[in-house]
Amino acid sequence: MGINSDKTAFICSKKDVPNLKIGPHYVEAEDHTELLGMTISGDLTWSRHAEETKKKLRQRIGILRRLKYNIPQSTMRIIAEALFTSKLRSGIALYCK
């Protein structure tokens with residue numbers, strides 16, 4: 001089995017790291033990458049992931065604002081819970097011990 005160099009990444013906290021050569025393919029160093037919906041940064045902090053999550057949650061708030069005039073409040077509560085908890089629960093095993 002070979003690697004797909006377009007989908008393979010490695011993160012490094014140092015700058016000016018040379019590309020990694022695996023067989024005939026080169027993999028570029030990145031300051032962050034996404035894995036299973038989680039943004040992992042080279043400095044190993046969650047700040048970038050928190051910003052990405054905040055951005056996505058704001059988009060979901062916009063969806064709810066557009067729906068609130070057309071859907072009953074009881075249904076809106078179910079939709080809101082599904083929209084927010086699905087995003088907040090993803091990766092919870094990585095956040096907490």
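This report walks through the fold of one protein chain and then looks at two of its residues.

What you have here is a predicted model, where local features need pLDDT of at least 70, side-chain atom pairs count only at pLDDT 80 or more, and totals for chains, interfaces and linings use all residues. Residues are numbered from 1 along each chain as its sequence is written, and side-chain values use heavy atoms, with hydrogens and water left out.

**The chain as a whole**

The protein chain has 3 helices and 6 strands. Both are DSSP runs numbered from the N terminus: H or I over at least four residues for helices, E over at least two for strands. Along the sequence the order is β-β-β-β-β-β-α-α-α.

On size, the radius of gyration comes out at 19 Å, while a compact globule of 97 residues would be near 13 Å. That radius is taken over C-alpha atoms, and the globule rule is 2.2 Å times the number of residues to the power 0.38. The C-alpha atoms fill a box of roughly 60 × 30 × 25 Å along the principal axes.

Of the 97 residues, 13% count as buried. Buried means under 20% relative accessible area, exposed means over 50%, and partly exposed is in between (1.4 Å probe, protein chains only). The chain exposes about 8,000 Å², with carbon and sulfur atoms supplying 56% of that; the areas come from the Shrake-Rupley method with a 1.4 Å probe, and for residues only the protein chains shown count as cover.

Now for contacts, meaning heavy atoms within 4.5 Å. Among those in the chain with a separation of 6 or more, 32% are between residues 24 or more positions apart.

**Two residues side by side**

| Residue | Place | Relative accessible area | C-alpha to C-alpha distance |

Leaving aside residues up to four places away in sequence, Arg48 touches Asp31, His32 and Thr39. With His32 there is also a side-chain to side-chain polar contact at 3.2 Å. A polar contact is a pair of N or O atoms within 3.5 Å; within protein, one must be able to donate a hydrogen and the other to accept it, and residues adjacent in sequence count only if both atoms are side-chain atoms.
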